[in-house]
Amino acid sequence: MKKMTTFDTNDPRNIWVSPDSDSNGTDSGTGTYDNPFPGITDALKNATPGQSIILLPGVYSGNLTIEISGSENAPIYITAGETGKAIVDGGCWYFYDTSDLIVSGLTFKNARRGAVSVVGQCLRNRFYNMDFIDCGTGGKASCAFYFGGAGARFNIVENCNFLRSASSDNPAIEKLSTENAAVGLMISDGGDGAYLTNHIIRRNRFSGYDKAVILGAENDGDFESGHIV
């Protein structure tokens, strides 16, 4: 394998993942550069605050649930070894009650309903330099990047590209409704007295979506607080 120039391949704080690893044979992977884990789930089980999970080039398929957290002074990084070359094809990543994660350099494509869903009391997570290509093309209501649940605060999405091709599944603009619109990014209003507040959405590009960004509230925006777009 060609060595990365950005990351120290000998640093024990780096956990390596490759979709080309042998997960069915005797080599189950140890997370080193020379013997990477065959799947991201193994890396998540071994990651602690201050470490980096580095995804080598290739296609990572299927949905993924992420429930780990870093700390304010020692975040956990989930990043592509080479920007744009770690591709999540057709799957959605679900972040539940995570904090202090920094996710970068990944490409999500062909997620028909949604690519990233950040739910619950998610705090201080940052998502940047990511591409979302042809996500939300299923002909039903979809959201490429979604914040929901209750209590999330201080999350950032920046320098991301949301690019969606024209699709025959997408109804004409005059027929758009909440039942079929494709949304690039949405922040819901939360609920149960634990509203979503103080998110930063900046320097992103949206193309081909019916709605680029939606901030949701059932009570005329009374509980929308502190978001910066």
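Guide: Start at Phe-132: setting aside neighbours within four places in sequence, its contacts (heavy atoms within 4.5 Å) are Phe-108, Ala-115, Val-116, Phe-145, Cys-160, Asn-161, Phe-162 and Leu-163. Bear in mind that this is a predicted model, where local features need pLDDT of at least 70 and side-chain atom pairs pLDDT 80 or more, while totals for chains, interfaces and linings use all residues. Numbering runs from 1 along each chain as its sequence is written, and side-chain values use heavy atoms, with hydrogens and water left out.

Phe-132 also belongs to the largest nonpolar core, a set of 51 residues in which Trp-93, Phe-108, Phe-132 and Phe-145 touch the most other members. Such a core is made of buried Ala, Val, Leu, Ile, Met, Phe, Trp, Tyr and Cys joined through side-chain atoms within 4.5 Å. Buried means under 20% relative accessible area, exposed over 50%, and partly exposed in between (1.4 Å probe, protein chains only). In soluble globular proteins, nonpolar side chains tend to be buried together.

Glu-158 forms a salt bridge (a Lys or Arg side-chain nitrogen within 4 Å of an Asp or Glu carboxyl oxygen) with Arg-202, at 2.7 Å between the closest N and O atoms. Arg-203 bridges to Glu-158 too, at 3.2 Å. Through shared partners, salt bridges join Arg-126, Glu-158, Arg-202 and Arg-203 into one network.
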